[in-house]
Amino acid sequence: MRLRCAIPLAVLLGCAAPVYAQDQGFARSQSFLKTYCQACHQGSSPVGGFHLDRVSTPASLKAEAAKWGSMARRVHNGEMPPKGAPKPTVDELEQFSQWATQALRAAACAGGIKPGPAPIRRLNRDEYSATIRDLLDIHLDIGSALPADGGGGEGFDNAAETLFLSPIHSEKYMEAAKFATDFAAKEFKSRQKLLIAKPGPGVSEEQAARKILEALLPRAFRQPVPAADVALYVGLFNAARKQGREYEEAVFFAIRGVLVSPKFLFRVEPPNRTAAVQPVGDYQLASRLSYFLWGSMPDELLLDAAASGKLREPAVLKSLVGRMLRNDRSLGFAQRFIEQWLGTRDLVGTKKPDPKLYPMFDNDEELRSDIRLQPVLFFRELLTRDLPVLDLIDSTHTIGTSNLAKLYEVKLPVPRDASKQPRWMELPPNSNRGGILGMPAIMAVSSYPYRTSPVLRGAWILDAMLGTPPPPPPPNVPALEEAKAGAANRTMRQRLADHRANAVCASCHSRMDGLGFALENYDVIGRWRTEDAGQPIDNSGDLGPVHFKGSGELRKVLLDRKDLFVRNLTNKMLGFALGRGLTLEDSCTVDAIVEEVRNNGYRAQALVEAIVLSVPFRYQAPLPVAKPSAVPVPTKVAALQRPGERKE
Amino acid sequence: MKNRLELSRRSVLQGAGVALGLPWLEAMKAAPASAATGASANPVRMAMLYMPNGVNVPAWTPKGKGRDFELSPTLQPLAALKDRVTLFSNLWNEGAKSGDGHYVKEAAILTCTTIKKTQGADLANGISVDQLAAQRTAGQTPLPSLELGVTPVAIGVDAVVGYTRVYGSHIAWANPSTPLAREINPRSVYERLFRAASGTPVDAAKMDALLLDRVLGDAKQLRGQVGTADRIRIDEYLSVMRSLEERVQRAGSEQKSTWKPKATLDPKAAPVERPKDHAEHVRLMMDMIAVAFQTDTTRVATFMFGNSVSNISFRFLEGVSAGHHDVSHHQKEEDKLRQYHLINRWHVAQYAYLLGRLAEMKEGESTVLDNSMVMFASALSDGNSHNPHNLPIILGGRGGGRIQSGQHIVSIEDSPLANLYVSMLDAFGTPVERFADSTGPLAGLLA
């Protein structure tokens, strides 16, 4: 039941034929299907086992939502109708898939907001490192020895579905646990934190070890641990003593076991075995919150709030959001979220600017880290200062350092001695450095390592910023005409014009290229330029009927589409917060959050609060049984607050 | 304000930059010298090297067939090994003919199935041929298999085509829903080989066994508490921890394992952690495969030159000005085709280097190469059109004498690639009736 919201670009970007009229939508969708699909999908043996009967009634939008979703997506992506069959025009296919997407959302939301799945989730590499750091109070990036995690769902490496385990993990977990406990055993601070009891008069070794483990296990497993389970780890301590280990070594051996336990490595929530939606447990909520905003275990304050039962109160949650964002640990959230959402993690990988062409990036480690951190620190300032998320599109301030100022060729209004440090600085009027566009990191990851590409940059804006990735190129892209004589001297714009003259390519490239051209003043590493290959830069772009020139006007065009941007950001952040891909049902939650954010001046903290207060974040769906039972669902208004929890 | 930002910056950089070396030399012991035994003691090894983005087909295609063939321009680096390689034409994976241009084809190169289109929730591929071989020989060597690469797993979802990039970053699959993570740090690989080959001291193994017993207990407890869907993850945990437990138990038991390293590893020979460039990185990984096979620490390895749709810059090669994927969409431009060929040939040269190293490693009367099957493959022929037919595939080595190398086997058009895998599994000593869509062994390959 997964649906990539395949809202056709053209419609959203304001350059397409009108949508189906509201009351005729279903009828027109059926006539589309009859015209283009019926030939194969009817009769006693329809192709692919799919008969149009399954989607012939309005009720099928709910009962066959997955089928409708894949139909809309495949039509939109041009996979269907297949090669050789009569093709709909781009307008027709976009009208169809847009209508289907909206109708599906409406049908899914009619039943109210649901929490959706909350699968068991392994700590990813970063979370594992941070949790061991906080649990043992040691400062080591212990997870760096583990393989990197892939990503799924909304594109993040904390997506439960893609956090699988390989044999190599088991070896690395064993080694890392030994390394971490050996390290902690020698650190004064860790010893203070861990060894809270010692054997002596009236205190046996076993009693001391039990005390230590009684304190550690609830922190390590992030919830109260019954005495019987503590006893199992005391048993591990005793076994080590029996093997001839000294007292303290045996204590650390038991701790080593804790670090390899699935109760430590996985975030497991006891399933909801009732028939109704239930609030998630207090301790589970504490973990959801701390792994969302800190990427690590809950601290004492969160665990106390969970223990007192107060954590689930919306007012408490709201006040915690601000506090947690101001904590240093939220930097990890900003970094993991931004670098994966915007793709800047690849800056040190496949998107690294070519060292021969851009030696300053290769040679200057300070500049490189300034470039990499700029969008991260910028985003974190939006969070901590509670500024509008629209500042990501355009802003009066940015994160500056002397290195970046040099790259930008602007004068930095700060004393020289402190200027190497990143700081929140006001931009001069009419600056071309507001928001994330124009940041070197963004310009680099949306380029080839050796040249800029209006196509890549346009596609990057459509995908990362607006959440409307262009459909894939047709399987057999017709080759561009053989390079004409003297082609080498033609500009990128001239060459792409050839591309856009081809009708098949033009339908998408006219959208991508136009956006990208407006950014041509930024080179691969974001330096401002007015000419390229001896030719003056032509930074005019267009998007359907809208013409614009340069990055400043592009920012305005994007601000005109702020709802699309905010919706996409919400999708991404909700997916990150829940650690899973979003489903069709989640789009109702997203609608409610977007509305809340809009009503709160697009404030960054309002977004985080709305996510934390959302139904999927705070509630748990019943465990799926053979037949799902009737579930009382909150009404749409209650998306963010359950009855009885009205905010003041 | 300033202080907070400074602090932030420091902690981010610390988190991002400092890699940690785990201690491993402490338990260094002289490994027993290789007991030179008869040829019958020489195990067969299997390695799969995967190159993304397809090939320049005219430059790749060898002339002639059977024993009478000529190496093409792209295959020139194999000149000295011509009698020890087998070339193939007309093989394909029919299951990957549609879908998108890359993920469907590349994730299934060793599974010969059709992967499920998903952003991650329901990954589905098949078991890969290397893992089938590894699972059927588990316990015979310290490590069942090695999964190697040079680029980290690609992050996120390819929103344009709707597949998670997890597919494009893994060719080894333990089962349809579990890809195997790869090691990309050559030093860690070496350390892992060294540790595995040296074995765990009996005392440490006993402690490890105690610990594993405890955590397996926790896993069983959890398994009873979670829902059915989540049980899969706990089972994954149980599976990897149990295999570690078996290994530890073997090491801790008084009766020694029958396995002996066929060569010793010098801990001082550990390679650098961060190679200076792509070329050095690949070379070191080739060395790791060679060392793993020479010592017999494992008999199965996979290596990815890059992830799906890799756009690694090949500007380090003279005459190449762009990235790999970019060049593969040559649009029939002469200059791009030339660069495409140069990139392909560079990959073949790295492959030839590995074969050469294995050929230098004596094993009684034979060499490690004689006792190996080292495949080189791309999941596309022409990258420009994402063509899944007539895949570029080479097999190096003689598989312990079973492979009739030194020929170009031209099968009938669109023959299952899985047939090659059936033959390889046979030569490996783990014969199967069928693999994926196979129709039998590959005609003309086995002696």
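How many bridges join E5(B) to strand E10 of chain B, and do they run parallel or antiparallel? I started here, keeping in mind that this is a predicted model. I found four bridges between E5(B) and E10 (residues 300-304) of chain B, and the two strands run parallel. I then picked out one pair: B:Gly149 has B:Met304 in E10(B) as its bridge partner.

**The sheet in chain B**

Next I looked up the sheet around this pair. I read its strand order as E5-E10-E1-E13-E14-E4-E15, which makes seven strands in an open sheet with mixed pairing. I noted strand E5 (146-149) and strand E15 (407-416) of chain B as the edges, since each pairs on one side only. From one strand to the next, I got an average twist of 15 degrees.

**Helices on the sheet**

I checked which helices pack on this sheet. Helix H8 (residues 278-295) of chain B does, touching E1, E5, E10 and E13 of chain B. I noted about 175 degrees between the direction of H8 and that of E10(B). Helix H10 (residues 334-360) of chain B packs on the sheet too, where it touches E1, E13 and E14. Its direction makes about 175 degrees with that of E13(B).

**Where the chains meet**

Last, I turned to the contact between the chains. I saw 81 residues from chain A and 78 residues from chain B in it. On the side of chain A, several elements supply at least two residues each, among them helix H10 (227-242), helix H18 (365-384) and strand E5 (423-426). H7(A) gives the most, with eight residues. I sorted this side of chain A by class and wrote down 42 nonpolar, 21 polar and 18 charged residues.

Terms used:
Residues are numbered from 1 along each chain as its sequence is written. Chains are lettered from A and ligands numbered from 1 in the order in which they are written. This is a predicted model: local features need pLDDT of at least 70, side-chain atom pairs count only at pLDDT 80 or more; totals for chains, interfaces and linings use all residues. Two residues are in contact if their C-beta atoms, placed from the backbone, lie within 7 Å. Ala, Val, Leu, Ile, Met, Phe, Trp, Tyr, Cys and Pro count as nonpolar, Asp, Glu, Lys and Arg as charged, and the others, Gly among them, as polar. Two strands pair if DSSP finds at least two bridges between them. Axes are lines fitted to C-alpha atoms, for helices over the stretch in contact, and angles run from 0 to 180 degrees between N-to-C directions.
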